[in-house]
Amino acid sequence: MTKVSLHPSFAKSALVTTTTVVGTRNEDGTANYTAIAWAAPCNGSPFRLCVSMNAGHLGTENILREKTFTVNVGNVEMMKEVNRTGTISGRKESKEGLFETVWKENGAPAADNLPVNVQCKLVDKLDQPANTLLVGEVTGLDVDEECTAGRNIDLALVNPLLFSFGKCNGAGPMYASLGKAEGIAWAQDPAEKLKEKQT
Ligand SMILES: Cc1cc2nc3c(=O)[nH]c(=O)nc-3n(C[C@H](O)[C@H](O)[C@H](O)COP(=O)(O)O)c2cc1C
(Lines give C-alpha, C1' and ligand atoms only; values in the text may rest on other atoms or scores of the structure.)
Protein backbone atom coordinates (compact mmCIF):
# COMPACT_ATOMS: atom_id res chain seq x y z
CA MET A 1 0.00 0.00 0.00
CA THR A 2 1.43 3.43 -0.96
CA LYS A 3 0.93 6.21 1.55
CA VAL A 4 0.53 9.87 0.54
CA SER A 5 1.30 12.86 2.76
CA LEU A 6 -1.67 15.14 3.42
CA HIS A 7 -1.80 18.49 5.17
CA PRO A 8 -1.49 17.82 8.95
CA SER A 9 -4.83 19.49 9.67
CA PHE A 10 -6.61 16.71 7.78
CA ALA A 11 -5.71 14.34 10.61
CA LYS A 12 -9.03 15.50 12.05
CA SER A 13 -10.76 13.78 9.13
CA ALA A 14 -9.60 10.39 10.35
CA LEU A 15 -11.49 10.73 13.61
CA VAL A 16 -15.21 10.08 14.01
CA THR A 17 -16.94 11.65 17.01
CA THR A 18 -20.46 12.05 18.32
CA THR A 19 -22.15 15.35 17.58
CA THR A 20 -23.14 16.83 20.90
CA VAL A 21 -25.04 19.98 21.77
CA VAL A 22 -23.58 21.96 24.66
CA GLY A 23 -26.24 23.75 26.68
CA THR A 24 -25.27 26.96 28.49
CA ARG A 25 -26.98 29.75 30.39
CA ASN A 26 -26.90 33.17 28.75
CA GLU A 27 -26.35 36.28 30.88
CA ASP A 28 -30.09 37.15 30.60
CA GLY A 29 -31.09 33.71 31.93
CA THR A 30 -32.11 32.19 28.58
CA ALA A 31 -30.59 29.02 27.11
CA ASN A 32 -27.96 28.76 24.39
CA TYR A 33 -27.08 25.61 22.46
CA THR A 34 -23.81 24.99 20.59
CA ALA A 35 -22.99 21.97 18.38
CA ILE A 36 -19.69 20.47 19.56
CA ALA A 37 -18.17 17.46 17.81
CA TRP A 38 -14.95 17.64 19.80
CA ALA A 39 -16.26 16.33 23.11
CA ALA A 40 -14.41 13.46 24.78
CA PRO A 41 -14.08 11.60 28.07
CA CYS A 42 -10.90 12.75 29.84
CA ASN A 43 -10.91 11.23 33.33
CA GLY A 44 -12.24 7.91 34.63
CA SER A 45 -12.92 8.60 38.29
CA PRO A 46 -14.37 11.06 39.02
CA PHE A 47 -15.78 10.94 35.52
CA ARG A 48 -14.86 14.04 33.54
CA LEU A 49 -15.60 15.19 30.00
CA CYS A 50 -13.69 17.71 27.99
CA VAL A 51 -15.18 19.94 25.29
CA SER A 52 -12.94 21.77 22.86
CA MET A 53 -14.59 25.09 22.07
CA ASN A 54 -13.51 28.09 20.04
CA ALA A 55 -12.77 30.98 22.37
CA GLY A 56 -15.11 33.27 20.41
CA HIS A 57 -18.27 31.16 20.80
CA LEU A 58 -21.06 32.45 23.02
CA GLY A 59 -21.18 28.98 24.58
CA THR A 60 -17.53 29.29 25.67
CA GLU A 61 -18.10 32.70 27.24
CA ASN A 62 -21.19 31.34 29.05
CA ILE A 63 -19.33 28.34 30.48
CA LEU A 64 -16.42 30.45 31.72
CA ARG A 65 -18.84 32.84 33.46
CA GLU A 66 -21.38 30.33 34.86
CA LYS A 67 -18.92 27.41 35.46
CA THR A 68 -21.65 24.99 34.43
CA PHE A 69 -22.98 23.35 31.23
CA THR A 70 -24.69 20.30 29.79
CA VAL A 71 -23.54 17.96 27.04
CA ASN A 72 -26.51 16.59 25.11
CA VAL A 73 -26.02 13.72 22.69
CA GLY A 74 -27.34 14.53 19.23
CA ASN A 75 -29.33 11.82 17.48
CA VAL A 76 -30.08 11.21 13.80
CA GLU A 77 -33.77 12.09 14.28
CA MET A 78 -32.83 15.63 15.44
CA MET A 79 -30.05 16.20 12.86
CA LYS A 80 -31.62 19.41 11.50
CA GLU A 81 -31.94 21.08 14.92
CA VAL A 82 -28.51 19.86 16.07
CA ASN A 83 -26.93 21.14 12.84
CA ARG A 84 -28.65 24.51 13.28
CA THR A 85 -26.98 25.03 16.66
CA GLY A 86 -23.65 24.79 14.83
CA THR A 87 -24.41 27.11 11.93
CA ILE A 88 -25.45 30.25 13.79
CA SER A 89 -24.17 31.93 16.96
CA GLY A 90 -26.47 32.71 19.83
CA ARG A 91 -24.93 36.17 19.63
CA LYS A 92 -26.92 36.70 16.41
CA GLU A 93 -30.08 34.63 16.93
CA SER A 94 -31.68 32.84 19.87
CA LYS A 95 -31.40 29.04 19.63
CA GLU A 96 -33.46 28.37 22.75
CA GLY A 97 -36.59 27.38 20.78
CA LEU A 98 -34.83 24.58 18.87
CA PHE A 99 -35.34 22.20 21.82
CA GLU A 100 -37.58 21.71 24.80
CA THR A 101 -35.42 23.23 27.51
CA VAL A 102 -35.22 21.70 30.97
CA TRP A 103 -33.10 23.46 33.59
CA LYS A 104 -31.02 20.91 35.44
CA GLU A 105 -29.82 20.80 39.06
CA ASN A 106 -26.43 22.16 37.97
CA GLY A 107 -28.09 25.39 36.75
CA ALA A 108 -27.55 24.71 33.05
CA PRO A 109 -30.17 24.11 30.35
CA ALA A 110 -30.57 20.70 28.73
CA ALA A 111 -32.30 19.73 25.49
CA ASP A 112 -35.00 17.40 26.76
CA ASN A 113 -35.78 16.06 23.29
CA LEU A 114 -32.23 14.78 22.86
CA PRO A 115 -31.87 11.29 24.39
CA VAL A 116 -28.89 11.81 26.71
CA ASN A 117 -28.33 14.86 28.93
CA VAL A 118 -25.05 15.06 30.83
CA GLN A 119 -24.69 17.69 33.56
CA CYS A 120 -21.20 19.10 34.03
CA LYS A 121 -19.49 21.42 36.48
CA LEU A 122 -16.47 23.28 35.08
CA VAL A 123 -13.39 22.13 37.00
CA ASP A 124 -10.48 23.00 34.71
CA LYS A 125 -9.53 24.62 31.43
CA LEU A 126 -6.61 24.56 29.04
CA ASP A 127 -6.14 27.36 26.53
CA GLN A 128 -5.02 26.38 23.05
CA PRO A 129 -4.22 28.84 20.22
CA ALA A 130 -7.82 28.82 18.87
CA ASN A 131 -9.81 26.65 21.25
CA THR A 132 -10.29 26.30 24.97
CA LEU A 133 -10.48 22.80 26.42
CA LEU A 134 -13.15 22.99 29.10
CA VAL A 135 -13.10 20.11 31.56
CA GLY A 136 -16.40 19.29 33.16
CA GLU A 137 -16.97 16.93 36.06
CA VAL A 138 -20.15 14.96 35.43
CA THR A 139 -22.62 15.62 38.23
CA GLY A 140 -25.74 14.08 36.69
CA LEU A 141 -26.84 11.90 33.78
CA ASP A 142 -30.40 11.66 32.43
CA VAL A 143 -31.21 9.22 29.62
CA ASP A 144 -34.51 8.51 27.84
CA GLU A 145 -35.78 5.33 29.45
CA GLU A 146 -36.30 3.61 26.08
CA CYS A 147 -32.59 4.11 25.25
CA THR A 148 -31.32 2.16 28.27
CA ALA A 149 -30.28 -1.48 28.62
CA GLY A 150 -30.19 -2.45 32.27
CA ARG A 151 -28.19 0.27 34.02
CA ASN A 152 -26.33 1.20 30.83
CA ILE A 153 -27.02 3.11 27.60
CA ASP A 154 -27.88 1.18 24.41
CA LEU A 155 -26.45 3.18 21.51
CA ALA A 156 -28.50 1.31 18.91
CA LEU A 157 -31.54 2.88 20.63
CA VAL A 158 -29.96 6.33 21.07
CA ASN A 159 -29.06 6.42 17.34
CA PRO A 160 -26.26 8.98 17.88
CA LEU A 161 -25.44 11.49 15.17
CA LEU A 162 -21.81 10.81 14.27
CA PHE A 163 -19.61 13.45 12.65
CA SER A 164 -16.30 13.71 10.84
CA PHE A 165 -14.49 16.31 8.76
CA GLY A 166 -13.62 13.34 6.54
CA LYS A 167 -15.61 12.22 3.52
CA CYS A 168 -17.73 9.12 3.19
CA ASN A 169 -17.90 7.77 -0.37
CA GLY A 170 -16.70 11.16 -1.66
CA ALA A 171 -19.09 13.44 0.29
CA GLY A 172 -18.39 15.32 3.51
CA PRO A 173 -17.93 16.65 6.14
CA MET A 174 -20.28 13.85 7.03
CA TYR A 175 -23.01 13.08 9.48
CA ALA A 176 -23.53 9.35 9.86
CA SER A 177 -25.32 6.79 11.96
CA LEU A 178 -23.78 3.98 13.96
CA GLY A 179 -24.09 0.89 11.77
CA LYS A 180 -23.75 -2.47 13.48
CA ALA A 181 -21.65 -3.82 16.33
CA GLU A 182 -18.65 -5.89 15.21
CA GLY A 183 -17.27 -7.20 18.49
CA ILE A 184 -17.07 -7.07 22.26
CA ALA A 185 -14.22 -4.89 23.48
CA TRP A 186 -11.53 -6.44 25.70
CA ALA A 187 -12.64 -10.00 24.82
CA GLN A 188 -9.87 -12.32 23.64
CA ASP A 189 -11.74 -12.82 20.37
CA PRO A 190 -14.06 -9.80 20.06
CA ALA A 191 -16.05 -11.06 17.03
CA GLU A 192 -16.51 -14.54 18.50
CA LYS A 193 -17.62 -13.13 21.85
CA LEU A 194 -20.25 -10.98 20.13
CA LYS A 195 -21.61 -14.02 18.29
CA GLU A 196 -21.85 -15.86 21.63
CA LYS A 197 -23.81 -12.96 23.17
CA GLN A 198 -26.17 -12.75 20.22
CA THR A 199 -27.16 -16.41 20.21
C1 LIG B 1 -21.31 19.41 13.26
C2 LIG B 1 -20.67 20.58 13.94
C3 LIG B 1 -19.68 20.36 14.88
C4 LIG B 1 -19.06 21.43 15.52
N5 LIG B 1 -18.09 21.19 16.44
C6 LIG B 1 -17.47 22.20 17.07
C7 LIG B 1 -16.47 21.94 18.05
O8 LIG B 1 -16.16 20.80 18.39
N9 LIG B 1 -15.86 23.01 18.62
C10 LIG B 1 -16.18 24.32 18.30
O11 LIG B 1 -15.60 25.23 18.87
N12 LIG B 1 -17.14 24.58 17.37
C13 LIG B 1 -17.80 23.57 16.76
N14 LIG B 1 -18.78 23.83 15.82
C15 LIG B 1 -19.10 25.21 15.48
C16 LIG B 1 -20.08 25.91 16.46
O17 LIG B 1 -21.14 25.04 16.82
C18 LIG B 1 -20.66 27.16 15.79
O19 LIG B 1 -19.63 28.07 15.46
C20 LIG B 1 -21.74 27.85 16.60
O21 LIG B 1 -22.43 28.75 15.76
C22 LIG B 1 -21.25 28.60 17.83
O23 LIG B 1 -22.41 29.01 18.53
P24 LIG B 1 -22.41 29.95 19.83
O25 LIG B 1 -21.65 31.21 19.49
O26 LIG B 1 -23.90 30.21 20.06
O27 LIG B 1 -21.79 29.20 20.96
C28 LIG B 1 -19.43 22.77 15.19
C29 LIG B 1 -20.43 22.99 14.23
C30 LIG B 1 -21.05 21.91 13.62
C31 LIG B 1 -22.12 22.14 12.59
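Student: What should I know before I start?

Tutor: Residues are numbered from 1 along each chain as its sequence is written. The model is predicted, so local features need pLDDT of at least 70, side-chain atom pairs count only at pLDDT 80 or more, and totals for chains, interfaces and linings use all residues.

Student: How many helices and strands does the protein chain have?

Tutor: Begin with the rule. Helices (H or I, at least four residues) and strands (E, at least two) are DSSP runs, numbered from the N terminus. Here the protein chain has 4 helices and 14 strands.

Student: What does the radius of gyration of the protein chain come to?

Tutor: The radius is taken over C-alpha atoms, and the globule rule is 2.2 Å times the number of residues to the power 0.38. For this chain the radius is 18 Å, close to the 16 Å that the rule gives for 199 residues, so the chain is as compact as a globular protein of that length. Along its principal axes the C-alpha trace spans about 55 × 45 × 30 Å.

Student: How do I read burial?

Tutor: Count C-beta atoms, placed from the backbone. A residue is buried if 20 or more others lie within 10 Å of its own, exposed if 12 or fewer, and partly exposed in between. Buried residues make up 29% of the 199 in the protein chain.

Student: Is P129 buried or exposed?

Tutor: P129 is exposed, because it has 5 other C-beta atoms within 10 Å. Find P129 in the loop between β9 and β10 (131–143). P129 and N54 are 75 residues apart in sequence, yet 9.3 Å apart in space, C-alpha to C-alpha.

Student: And where is G172 found?

Tutor: Look in the loop between β13 and β14. G172 is partly exposed, because 14 other C-beta atoms lie within 10 Å. G172 and S13 are 159 residues apart in sequence and 9.6 Å apart in space, C-alpha to C-alpha.

Student: Which way do the side chains of a strand point?

Tutor: In a regular strand the side chains alternate between the two faces of the sheet. Now take β3 (residues 31–36). A31, Y33 and A35 point one way, N32, T34 and I36 the other, and all are buried.

Student: Which strands does β9 pair with?

Tutor: One is β6, which runs antiparallel to β9 over 6 bridges. There, V73 has V116 of β9 as its bridge partner. Another is β10, antiparallel to β9 over 11 bridges. K125 is bridged to L134 in β10. A hairpin of 3 residues joins β9 to β10.

Student: What is the order of the open sheet of 3 strands?

Tutor: The order is β1-β13-β14, with antiparallel pairing. The edge strands are β1 (17–18) and β14 (174–176), each pairing on one side only. Between β1 and β13 (residues 162–164) there are 2 bridges, and T18 stands opposite L162.

Student: How do I read a nonpolar core?

Tutor: A core is a set of buried Ala, Val, Leu, Ile, Met, Phe, Trp, Tyr and Cys residues joined through C-beta atoms within 7 Å. The largest one has 28 residues, and V21, V22, I36, V51, V71, A111 and L114 touch the most other members. β3 gives the most to this core, with 4 residues.

Student: Which residues are closest to the ligand?

Tutor: A residue is near a molecule if its C-beta atom, placed from the backbone, lies within 6 Å of it. The shell has 22 residues, and W38, G59, G86, S89 and G90 are the closest. Two or more residues come from each of β3, β5 (48–54) and α1 (58–66). β3 gives the most to this shell, with 4 residues.

Key
Two strands pair if DSSP finds at least two bridges between them.
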